[in-house]
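Here's a quick briefing to read with the model open next to you. Grab your viewer and follow along.

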Amino acid sequence: MLRPILRLGDSVLAQPARPVAAITPEIETLVDDMIETMYAAPGIGLAASQVGQSLQIFVLDLSLGKDPQALTVMINPAFVERDGMQLEEEGCLSLPGFTSTVARPKRVVVKGLNRQGDEQTIEGTGLLARALQHEMDHLNGCLFVDRLRGISRDLILRKIRKLTKAGKW
Ligand code: NI
């Protein structure tokens, strides 16, 4: 089932997410819905907080559903390693229409549970490292605008305030 994607301004997006205590049927449904919602958007990643559930879960697929091997479900993840630096353009389904250049580590290793509850470790460089870091940020209540400073951040927030006032956000 598709779930509505929350936008910047919704308090759930700014909350640190709780760890998942057990993989219940409700969690399995949530994961299925997150995958469906991510592909429909379409987006390459989605965190549970973006559909209103403050839980440490994200889904990720750089192939947008074209490669069945590319889908990752991460539950209760933590960073194992982070190194280097990359500067690339980035967007977010909770900030539709906005992108900005964000500094991110060049390589990350993330450890967590898969949807069966088994431990998994994912290593990513380039876009995968960026996407993993972006989703990990969501679990901490952080959006990409929170990583920006000064004018680029103010410009986006001002435009969103205008859209909100106009009832278009
Ligand atoms: Ni995002």
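Asparagine 76 is partly exposed at a relative accessible area of 22%, where buried means under 20%, exposed over 50% and partly exposed in between (1.4 Å probe, protein chains only). Keep in mind that this is a predicted model, in which local features need pLDDT of at least 70 and side-chain atom pairs count only at pLDDT 80 or more, while totals for chains, interfaces and linings use all residues. Residues are numbered from 1 along each chain as its sequence is written, and side-chain values use heavy atoms, with hydrogens and water left out.

- Asparagine 76 sits in strand E3; strands (E, at least two residues) and helices (H or I, at least four) are DSSP runs, numbered from the N terminus.
- Its phi is near 50 degrees, a positive value in a residue other than glycine.
- Leucine 64 also has a positive phi without being glycine, in this case near 55 degrees.
- You'll find leucine 64 in the loop between strand E2 (57–60) and strand E3 (72–83), and at 38% relative accessibility leucine 64 is partly exposed.
- Alanine 41 and proline 42 are joined by a cis peptide bond, with omega about -10 degrees.
- Proline 42 belongs to the loop between helix H1 (25–40) and strand E1 (45–47).

**Nickel site**

- What are the protein donors of the nickel ion? They're Cys92 (SG), His134 (NE2) and His138 (NE2), at 2.1 to 2.3 Å from the ion.
- Donors here are N, O and S atoms within 2.8 Å of the metal (3.2 Å for Na, K and Ca); water is not among the atoms, so sites may look incomplete.
- Along the sequence, the donor residues follow the spacing C-x41-H-x3-H.
- Cysteine 92 is in the loop between strand E4 (86–91) and strand E5 (99–104), and histidine 134 is in helix H2 (residues 126–139), so the pair ties together parts 42 residues apart in sequence.
- Cysteine 92 is buried, at a relative accessible area of 9%, and histidine 134 is buried too, at 6%.

**Positive patch**

- Arg158, Lys159, Arg161, Lys162 and Lys165 form a positive surface patch.
- Patch members have over 30% relative accessible area and no salt bridge, with like charges joined within 9 Å; a salt bridge is a side-chain nitrogen of Lys or Arg within 4 Å of a carboxyl oxygen of Asp or Glu.
- Lysine 159 lies in helix H3 (residues 150–165), and at 45% relative accessibility lysine 159 counts as partly exposed.

Note on methods
Patch = residues over 30% accessible without salt bridge, like charges linked within 9 Å, V, L, I, M, F, W, Y side chains within 5 Å. Areas by Shrake-Rupley, 256 points an atom, 1.4 Å probe, with all protein chains shown as cover. Lys, Arg positive; Asp, Glu negative; His and termini not counted. Charge placed at Lys NZ, Arg CZ, Asp CG, Glu CD.
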